[in-house]
Amino acid sequence: MNPIFRFEGIYTPVVTPYHEDGSVNWDALSDVIEYLIENGVHGLISGGSTGENYAQTVEERLDLARFTHERLKGRLPLVVGTGAMLTPDSIALASGGREIGADAILLASPPYSVPTDRENALNALAIDKAADLPVMLYNYPHRTGTMMGEEFLDRIGRSRNFCGIKESSGDINRVHLLARDYPHIQLGCGMDDQALEFFAWGAPFWVCGGSNFLPAEHVALYQACVIEGNFTKGRRIMSAMMPLMRVLEQGGKFIQTIKHGVTMNGIDSGAMRPPLKGLNKNDKRALEQVTRVLKKTIADIMAESGIGG
């Protein structure tokens, strides 16, 4: 069964830049969007956790999605995040995404309530009904407390809208399960330090927060593995990226690191909303060093492949 929408390439969950008073810096957000388009990402996600959705009202999230859609002007697909603790909030975000003109929605399990697979599936189907758009599922049990298990995946199969999944469990066995038993749901990497493994198992897309400030390098890995099928080159690029992956996935300061990376590129992303705080001087220095080495190494790899074909 062919999916109704193909998620392909690098999807960036866009950061939300703020002014010092905590209000949205719309000019900086516009700059981020243009930077991502210019550097070759394949789609944007508004209202993901990287955008600090947990610290925003439903109205703010819809305003951000509307602004992003207007700035994109159809140049890239837009996915609107619907994750929330309250089902009515998720439904409002889903229906709002449809009204805005989004291409798809991102649908996670509601955090903290820990629903059963059956309850979680019924919740997902209600959100899907409100949007009636292609759905990218988001399985992140470490944040939500709930795994999208086999009963869940079987139950949501009654709607063709469920055509992709951002898999962020960190369990490589889930990659095997999804690739083999649920091939009709496009497999997407949601665990940055496993991107190479996802691509080896046929994943056509990668949702990666780090692409906010290193889009070309993330695109390079996708290009090598998925488009060229050159996993020798892919391993070299992934090896160069691993120090960054360790900082992002194991450093405990995921959003703070990404926002500082955006600021390093000359776009002031501002501080985080509470309870998060910015990086300290040592963290900033470490990120700057990792980024400098990563960019040079990948540029050298790409120059080699350009010369040698």
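Modeller: Two strands pair if DSSP finds at least two bridges between them, where strands (E, at least two residues) and helices (H or I, at least four residues) are DSSP runs numbered from the N terminus. This is a predicted model, in which local features need pLDDT of at least 70, side-chain atom pairs count only at pLDDT 80 or more, and totals for chains, interfaces and linings use all residues. Residues are numbered from 1 along each chain as its sequence is written, and side-chain values use heavy atoms, with hydrogens and water left out.

Colleague: Which strand do 5 bridges join to β5, and in which sense do the two run?

Modeller: Strand β6 (residues 162–167) is joined to β5 by 5 bridges, and the two run parallel; within this pairing, Tyr-138 has Lys-166 as its bridge partner. Strand β4 (residues 104–108) also pairs with β5 in the parallel sense, over 4 bridges, with Leu-137 as the bridge partner of Leu-107.

Colleague: How should I read the side chains of β5, and are they buried or exposed?

Modeller: In a regular strand the side chains alternate between the two faces of the sheet. Here Val-135, Leu-137 and Asn-139 point one way from β5, Met-136 and Tyr-138 point the other way, and all are buried, meaning under 20% relative accessible area with a 1.4 Å probe, protein chains only. Because 5 of the 5 residues of β5 (residues 135–139) are buried, the strand is largely enclosed by the rest of the structure.

Definitions and conventions. Buried means under 20% relative accessible area, exposed over 50%, partly exposed in between (1.4 Å probe, protein chains only).
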